[in-house]
Amino acid sequence: MTDQSRRQFFKRVGVASGALLLTNEGARAASDPRMRIGSLIDLSLCDGCKADAIPACVSACKEKNQARFPEPQKPIQPYWPRKQYEDWSNERDRIDRLTPYNWTFVEHLQVDGQEIHVPRRCMHCDNPACLNLCPFGTIGKSDTGAVYIDPEFCMGGAKCRDVCPWGIPQRQAGVGLYLKLAPKLGGGGTMYKCDGCADLQAKGKEPACATKCPKNAITFAPMDEIKRLAADRAREINGYMYGLKEGGGTGTVYVSPIPFEKINAAIMAQKNDNNDKRPGRPHMNPNTPDKMEDASTWMMASLIAPIAGVAAAAINVYKSNKGEKK
Amino acid sequence: MKKITRQSLSNRIVHALTATSIFALFFTGFGQMPVYKRYMLTEVPGFAWAGDYSITLWWHYFFGVILIGVGMYHVVYHLMRKEFDIIPKRGDLKDSWLVIKAMISGKEEPPSEKYLPEQRLGYAFIAFWIVVMVLTGIIKAIKNVNGYNFGPEVLFWAAHIHNLGFFMLILGVAGHLAAFLFKPNRQLLPGMLWGKVCACYVKFRHSLWEKGKNEADKVLSKLGGEDEACKDFKH
């Protein structure tokens, strides 16, 4: 897709999103595949901005979201009866993983003597487990398919991280609604992650990471276009794709000259060597299952159950009436 | 044998399945909150699975489906048989107070139909919240399917009403079980477990229950009449 046609597309999306908001049809549009914007991350182009102290996508993301980073109330209480809590507020400059203060980062890896850089952030799943399973319904999806957390109502239980196939959202304690309810007993802060610059997408603009990438390694476009671009690029470099099927399908497609099994093994090995057990460095396992794959079966069962109940009742009443007559 | 049938096999199965599924739904539903790991239930031998959301969700769905099926069976079965004994009646609130007051004070309580007035109110309360839970639960089940998106307001309210319903149902079930703190009510337990209650109890407490009273009279007449058969009966 040329830059011009991409700009035209985002302009169209902006107009359409505005119209949808006015007509309160946003919820319907969220499931309209024509509105879906995806992204392509080309690992053959990304060099991790080696010459710079911070990769451009990371600094652009930080700059754009600075005002939304948490300012916790201290001292922070542990998660009773546990003795720990999650506090990243003293590590705001950390860029080697996802944190509440760093919503995208770049993995620097050596695979078979080759250097590879992998920008990581939320994959914006087609059917996000985090959104579906948040017990407080505080995760939403924009008209363009960007998955976002509402920080006003998030309780910070971190279930979204537990159910996310990649453990993406990160928690900051000492901030959020839980402080006003029962801070010692329930909740644990607020969860933070990339929201796909949903506000920019709604205005027909590209997310900050893509705008600032000097190598054009990150591309946002309609999902169909992204799929086509990714397939073409993978063919061109005789490479591999990640994100189309993983986790049940996502809005982010990686293209790499190196197989993702090897990239994943390198991430795991690096974490293992450094005894890195802290959250925020997602795997890249090509066998990442869809955590919501049973949902349609259970929905059907929930809809069939009342029919089965009616049938059983009718049969039983008929039998008992027959018995009473005898 | 001084017993008469109070609950049919169908009613007892419905009650048992409803109770089992509601308790299982309480446990698995509460497990959808991030609490079992935090409060170390997962460290109790045999409960490690409780911290796995995919397992608790599977069982939550499973018991949800049972509850929906059984609930629908219950409604249709009684509608078809035109059995409405458990539906609240005008004045139930006042009569409930009179029955409870009598149980506390030990004085004579007003006669009841098949169900006590507070049982009818309790049923309505629990049934109402079950319906709320089923409806919000179905919305949640549908939205979990790829391609369905109700929008953030619907998700937010479905989640919070479902959570509120959880506490209301716990309240309802606690109230239901608290009824057995009163000794006179304990006579009703075998009725729901094995189907039968003492004919003397029916004559004494449920004298407005026409069918039960007639059956009790038949049973007691074979034992020398109510006065003779029930002379040792203590309420």
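Predicted model: local features only at pLDDT ≥ 70, side-chain atom pairs only at ≥ 80, totals over all residues.
**Entry 1**

I began with the strand order. The open sheet has 4 strands, and I read them off as β8-β1-β10-β9 of chain A, with mixed pairing. At the edges I found β8 (218–222) and β9 (240–242) of chain A, each of which pairs on one side only. On average, neighbouring strands here are turned by 25° against each other, direction ignored.

Next I looked at the pairing around β10. Strand β1 (residues 37–42) of chain A runs parallel to strand β10 (residues 252–256) of chain A, and 4 bridges join them. Within that pairing I noted A:Ser39 opposite A:Thr252 and A:Asp42 opposite A:Val255. On the β9 side, β9(A) and β10(A) run antiparallel and are joined by 3 bridges. There I found A:Tyr240 with A:Ser256 of β10(A) as its bridge partner.

I also checked what lies across the sheet. Helix α8 (residues 223–236) of chain A lies across β1, β8, β9 and β10 of chain A, and its direction is at about 135° to β8(A).

**Entry 1: a closer look at β10**

**Entry 2: the cores**

Which residues touch the most other members of the largest nonpolar core? My list reads A:Leu43, A:Leu109, A:Tyr254, A:Ile263 and A:Met284, out of 38 residues in that core. Among the chain A elements that give two or more residues to this core are β1, α3 (56–65), β2 (105–111), β3 (114–120) and α9 (260–273). I then came across a second, separate core of 32 residues, which includes A:Val163, B:Leu67, B:Val145 and B:Leu169. As background, nonpolar side chains tend to be buried together in soluble globular proteins.

**Entry 3: helices in chain B**

Helix α1 (residues 9–30) of chain B has 22 residues and reaches 31 Å from its first C-alpha to its last, close to the 32 Å expected at 1.5 Å a residue. Buried residues in α1(B) include B:Val14, B:Ile22, B:Leu25 and B:Phe26. For helix α2 (residues 53–80) of chain B, the end C-alpha atoms are 40 Å apart; this agrees with expectation because 28 residues at 1.5 Å a residue should span 40 Å. Just after α2(B), I noted that B:Lys82 takes a positive phi of about 55°.

**Entry 4: B:Met168**

My last stop was B:Met168, in helix α5 (residues 152–178) of chain B. Its relative accessibility is 21%, so I logged B:Met168 as partly exposed. Leaving out residues up to four places away in sequence, B:Met168 touches B:Phe125 and B:Trp129. B:Met168 and B:Phe125 are 43 residues apart in sequence, yet their C-alpha atoms are 8.8 Å apart in space.

Note on methods:
Residues numbered from 1 in each chain as written. Chains lettered and ligands numbered in written order. Heavy atoms only, no water. Pairing = 2+ DSSP bridges. Axes fitted to C-alpha atoms, helices over the stretch in contact; angles between N-to-C directions. Contact = heavy atoms within 4.5 Å. Expected span 1.5 Å × (residues − 1). Buried < 20%, exposed > 50% of the residue type's maximum accessible area, 1.4 Å probe, protein only. Core = buried A, V, L, I, M, F, W, Y, C linked by side-chain atoms within 4.5 Å.
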